[in-house]
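These are my notebook entries on one chain.

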Amino acid sequence: MATHSDRRDFRRQVFFSLGGIAIGLVVAGLIALFINHVIEPTMQVETHDLVKYEEGSFVLWYHVESPHADSRSGLFETLETTLSSVLDRLHVEREDIPLPIDVLVHDSPAMMQRTTLNRKSGRAMYTFYSVIDLLIDEDSSQRLAELVLAFAWGNCSSQLLYKGMLMNAIHSDRDFHIPVAAAPARFLNAFEDLLKLEGVGHFEETLYQRYQSPFSPRMAAGSLEGVSEFRSMFADLDNEVGEYDFAEFQAASLVQYLIDCSGGIDEFRSIWGPGTTEALITKLGCVPLSDLDDRWLAEIETRSGVSAVREVDYYRARFLFEAGEIDAAAEAARAWPSAALTNAERVLAVRTLLASGRFEAAREMADSFETLTDWAELYDDWSEVGSGRFQVYAMATESVANNLLTQIRDAFTFVSHELGFTDEELPDRIRIFYYESESDRERGETALPASDIHRTIWHLSPEQDLVDVFVRTLPSFVVKKRTASNLLKTGLSVALQLSFDELVSRGCAILSSGQWSPLWRLGFGGTPQGLLETQTGLMMGYVVETYGVDVIRDLWYATARLGGSVSLDTALQQTVGMSRSTIEETLVNTVLVCD
């Protein structure tokens, strides 16, 4: 029988046990609070130095020192309105996307860069899932449209269709057939060309696809790839705030046509997913691929008569300029009222005035815009001389300018004749801007950009070889494709400037000195420039001497990324039936007969 002392000991044991449990629970609670409120926030690198505000469908995150957090109420309202609009355009319900949406608001690209690296690094704790990044005052339409596409529509393998659909989602009130119809016929890409552009990465992944989408990978912060990704974000930001290029307008026009052709956006959404562009369009079933170009172009042509629309006037002038039709572009832009120009119109107007030699008018049009004024000042005190299709602009006396004109015209005529180009194939008007230094020439390239395929403007300086410049650019205008082979351009330039006998003599000297490098190895580095030029010149000289100059057109097209998209070696095999190795064997055994 338990004594009174035993019962007291038992109660004491129970008391101490319960007390110990209670103390343990309190300590555990304190540890949990410490982890949740001190340690874990410190570990969450992606929220470091950020403060959040939540309202409605969004959580805004600002940097702790941001002066813009006080104006967040306006951003909340704008985001809600934009999200509703995007959901309506894409036929998506709110319950189809994860809410709330985290919006990281950045005061500068550098802040966005740093925060993104934290969020996508291996140390991140998955704090964010449904998230977009915004710079201060950036339009949220694109980011929200991409988020809705990602979560409600899913991932799409076709970057061409993704870009086109995104543009339609952002600008639902725009008819993208209009800017395409405003372009010169020379400018149009066939559907096959768009596929090639997609294949070479022209329709680049957006910032959202790369860094914010639920399908985007993490970045290896400690690897070279991670460092490269980190540094490339500035370039990506610059690309996304610029204007759409013509191929992107065509992508949007194509998707607009496919939506109409299929019966609506819901039908188009049904093919959104994995597969090539061709496979997805075939799955849509509204137009055979063989008929797509004709039917799509017919729809575009119905907009060609649209007039008295400000957008049409702007794009007509812009695409004329980009197609090298400078006089027509300047004429179109001249009709715009200077007091009511948008920024894009003013930039284009200044460019067309500068390109047509109206330097004083360009300076007036630049007004107080710093960049445009810098462009115009570059051409202060420049004069113009002309003869036939040639116009030369330079800061020079009339006699010096005329001497330049003669040199340039002679080099141009020599190259076009040697390559077998007819007058009808060459530009009607050739404008040469001649700068006193290479740095000024580079500034001129920025002010008045020109694509080789549509080039009617050349920016030259004393450091450049005139024949070499025209050899490297004229074939692209004639063939309408730009070769990706530097070996082809280098070899052709040397072959035109040196006689074949001289090349043979130099080749013999290289052989006798033991410095000959196998032709198949050229272009992979390690070959001195002088040897590279002589050997590639000898190779191309042999090809032209043996098969005729017309073979250059075929090689140029075959080695273009949007042409045959093959290497020079493969192009030679396809065109003349010889590889670099077999050409070398022929040269060494039968041509380089050296004393």
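I call a residue buried when its relative accessible area is under 20%, exposed when over 50%, and partly exposed in between, with a 1.4 Å probe and protein chains only. By that rule Tyr 162 is buried, and Trp 272 is buried too.

Entry 1, ground rules. The model is predicted, so I note that local features need pLDDT of at least 70, side-chain atom pairs count only at pLDDT 80 or more, and totals for chains, interfaces and linings use all residues. Residues are numbered from 1 along each chain as its sequence is written, and side-chain values use heavy atoms, with hydrogens and water left out.

I looked up the secondary structure and found 27 helices and 8 strands. Helices (H or I, at least four residues) and strands (E, at least two) are DSSP runs numbered from the N terminus. Of the 595 residues, 48% count as buried. I take contact to mean heavy atoms within 4.5 Å. Among contacts in the chain with a separation of 6 or more, 70% come from residues 24 or more positions apart.

Rings of Phe, Tyr and Trp (its six-membered ring) pair if their centres lie within 6.5 Å; planes under 30 degrees apart count as stacked, over 60 as edge-to-face and the rest as tilted. The structure holds 28 such pairs. I looked up Tyr 162 and Trp 272: the ring centres are 6.1 Å apart and the planes are at 35 degrees, so the pair is tilted. Tyr 162 lies in helix 5 (residues 159-170) and Trp 272 in the loop between helix 11 (265-269) and helix 12 (277-284), so the pair ties together parts 110 residues apart in sequence.

Next I took Tyr 393 and Phe 433, whose ring centres are 4.8 Å apart with planes at 25 degrees, so this pair is stacked. It ties together parts that are 40 residues apart in sequence, because Tyr 393 lies in strand 6 (residues 390-394) and Phe 433 in strand 7 (residues 430-434). Both Tyr 393 and Phe 433 are buried. I also noted one aromatic cluster, formed by Phe 176, Phe 187, Tyr 244, Phe 246, Phe 249, Tyr 314, Tyr 315, Phe 319 and Trp 336.

The expected span of a helix is 1.5 Å times one less than its number of residues. Helix 16 has 13 residues and reaches 18 Å from its first C-alpha to its last, close to the expected 18 Å. I found 10 of its 13 residues buried, so helix 16 is largely enclosed by the rest of the structure. Among the buried ones are Arg 346, Arg 351 and Thr 352. Glu 345 also belongs to helix 16. How accessible is Glu 345? Glu 345 is buried, with a relative accessible area of 3%. Leaving aside neighbours within four places in sequence, Glu 345 contacts Arg 310, Tyr 314, Trp 336 and Ala 340. Tyr 314 and Trp 336 are also listed in the aromatic cluster. Just after helix 16, Gly 357 takes a positive phi of about 85 degrees.

I take axes as lines fitted to C-alpha atoms, for helices over the stretch in contact, with angles from 0 to 180 degrees between N-to-C directions. Helix 16 (residues 343-355) and helix 18 (residues 370-377) pack at about 0 degrees, with their axes 11 Å apart. Angles under 35 degrees count as roughly parallel, over 145 as roughly antiparallel, 65 to 115 as roughly perpendicular and the rest as oblique. Helix 16 and helix 18 are therefore roughly parallel to each other. On the helix 16 side I list Arg 346, Val 347, Val 350, Arg 351 and Leu 354, which meet Leu 372, Trp 375 and Ala 376 in helix 18. The residues of this contact divide into 6 nonpolar, no polar and 2 charged. Here Ala, Val, Leu, Ile, Met, Phe, Trp, Tyr, Cys and Pro count as nonpolar, Asp, Glu, Lys and Arg as charged, and the others, Gly among them, as polar.

I found a cis peptide bond joining Leu 99 and Pro 100, with omega about 0 degrees. Pro 100 sits in the loop between helix 2 (72-89) and strand 3 (101-106). Asp 137, not a glycine, has a positive phi of about 70 degrees. Asp 137 counts as exposed at 79% relative accessibility. Asp 381, in the loop between helix 18 and strand 5 (383-387), has a positive phi of about 65 degrees.
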